[in-house]
Amino acid sequence: MLKKLFPDTYVDSIHDIDYKKLYEEGKRGLIFDIDNTLVPYDVAHPDDKIITLFEELKALGFKICLASNNNKDRVIKFNERLKLIAIHKALKPFRRNLRKAMYLMKTKKEETVIIGDQIFTDVLGGNRLGIKTILVVPIQDKEEWITKIKRNTERKILDIYQKRSGK
Ligand SMILES: [Mg+2]
């Protein structure tokens with residue numbers, strides 16, 4: 001059971017995945033989670049880097065499907081510019097909508113990969129279905145971590161400043 005919670009690959013972000021290698025392994029369909037995988041929860045639209053990446057992936061020969069547990073408005077708005085196959089209220093880790101994603105992309109299990117930030121939805125869902133799973137570090141956590149470092153650095157600089165100015 002625990003094995004079903006382990007991803008096949010764990011990377012820092014969607015930009016650190018070796019997509020060429022996936023293609024060489026015979027993968028043809030990529031299912032992407034949205035929230036905290038592609039953008040933070042409170043960002044409505046994809047950035048240029050994501051748009052470029054998806055163009056490159058399509059040029060490589062991949063089909064792409066967005067599968068989010070979030071609501072219809074969120075997914076439709078996010079997909080406005082991308083115009084991908086998209087499933088809202090996907091109810092991951094249930095398999096039904098991941099099967100639907102494969103059906104829409106016309107890919108088989110062995111050709112399909114799910115990429116997401118959550119073990120209990122994305123990874124578990126993918127593993128239950130028997131497709132390759134790639135876990136990414138949640139974007140929000142990463143930002144919080146960077147903020148923390150910045151805050152600590154700021155505090156140190158202010159400490160030095162206050163010592164030097166004798167305050
Ligand atoms: Mg997510």
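**Entry 1. Terms and model**

I take two strands to pair if DSSP finds at least two bridges between them. Helices (H or I, at least four residues) and strands (E, at least two) are DSSP runs, numbered from the N terminus. I note that this is a predicted model, in which local features need pLDDT of at least 70 and side-chain atom pairs count only at pLDDT 80 or more, while totals for chains, interfaces and linings use all residues. Residues are numbered from 1 along each chain as its sequence is written, and side-chain values use heavy atoms, with hydrogens and water left out.

**Entry 2. The chain as a whole**

I looked up the elements of the protein chain and found 6 helices and 6 strands. From the N terminus on, they run β-α-β-α-β-α-β-α-β-α-β-α. The C-alpha trace spans about 70 × 40 × 30 Å along its principal axes.

I then looked up burial, where buried means under 20% relative accessible area, exposed over 50%, and partly exposed in between (1.4 Å probe, protein chains only). Of the 167 residues in the protein chain, 43% are buried. Contact means heavy atoms within 4.5 Å. Among contacts between residues at least 6 apart in sequence, 66% join residues at least 24 apart.

**Entry 3. Strand pairing**

I followed the bridges from strand to strand. Strand 2 (residues 29-32) is joined to strand 3 by 4 bridges, and the two run parallel. Here Phe32 stands opposite Leu66 in strand 3. Strand 2 also pairs with strand 5 in the parallel sense, over 4 bridges, and Gly29 has Thr112 of strand 5 as its bridge partner. Strand 5 is in turn joined to strand 6 by 4 bridges, again running parallel; Gly116 has Leu135 of strand 6 as its bridge partner.

I asked why strand 5 (residues 112-116) counts as largely enclosed by the rest of the structure. The reason is that 5 of its 5 residues are buried. Both of its faces are covered, with Thr112, Ile114 and Gly116 on one side and Val113 and Ile115 on the other. Strand 3 (residues 63-67) is also largely enclosed, because 4 of its 5 residues are buried.

I looked up helix 5 (residues 119-129) and found 8 of its 11 residues buried. Among them are Thr121, Asp122, Val123 and Leu124. The cover over the buried residues of helix 5 includes helix 4 (96-105), strand 5 and strand 6. Gly130 follows helix 5 and has a positive phi, near 90°.

I next turned to Thr133, which is found in strand 6 (residues 132-136). Thr133 counts as buried because its relative accessibility is 0%. Leaving aside its neighbours within four places in sequence, Thr133 is in contact with residues including Ile114, Asp122, Val123, Gly126 and Asn127.

**Entry 4. The magnesium ion**

Which residues coordinate the magnesium ion? I found Asp33 (OD), Asp35 (O) and Asp117 (OD), at 2.1 to 2.2 Å. Donors are N, O and S atoms within 2.8 Å of the metal (3.2 Å for Na, K and Ca); water is not among the atoms, so sites may look incomplete. In sequence the donor residues are spaced D-x1-D-x81-D. Both Asp33 and Asp35 are buried.

**Entry 5. Backbone details**

I looked up Asn36, which is placed in the loop between strand 2 and helix 2 (48-60). Asn36 is not a glycine, yet has a positive phi of about 70°. With a relative accessible area of 6%, Asn36 is buried.

Lys83 lies in the loop between helix 3 (72-79) and strand 4. Its phi is near 55°, a positive value in a residue other than glycine. Is Lys83 buried or exposed? At 66% relative accessibility, Lys83 counts as exposed.

A cis peptide bond joins Lys92 and Pro93, with omega about 15°. Pro93 is found in the loop between strand 4 (85-87) and helix 4.

**Entry 6. Helix 6**

I finished with Ile146, which lies in helix 6 (residues 139-164). Ile146 counts as partly exposed, at 39% relative accessibility.
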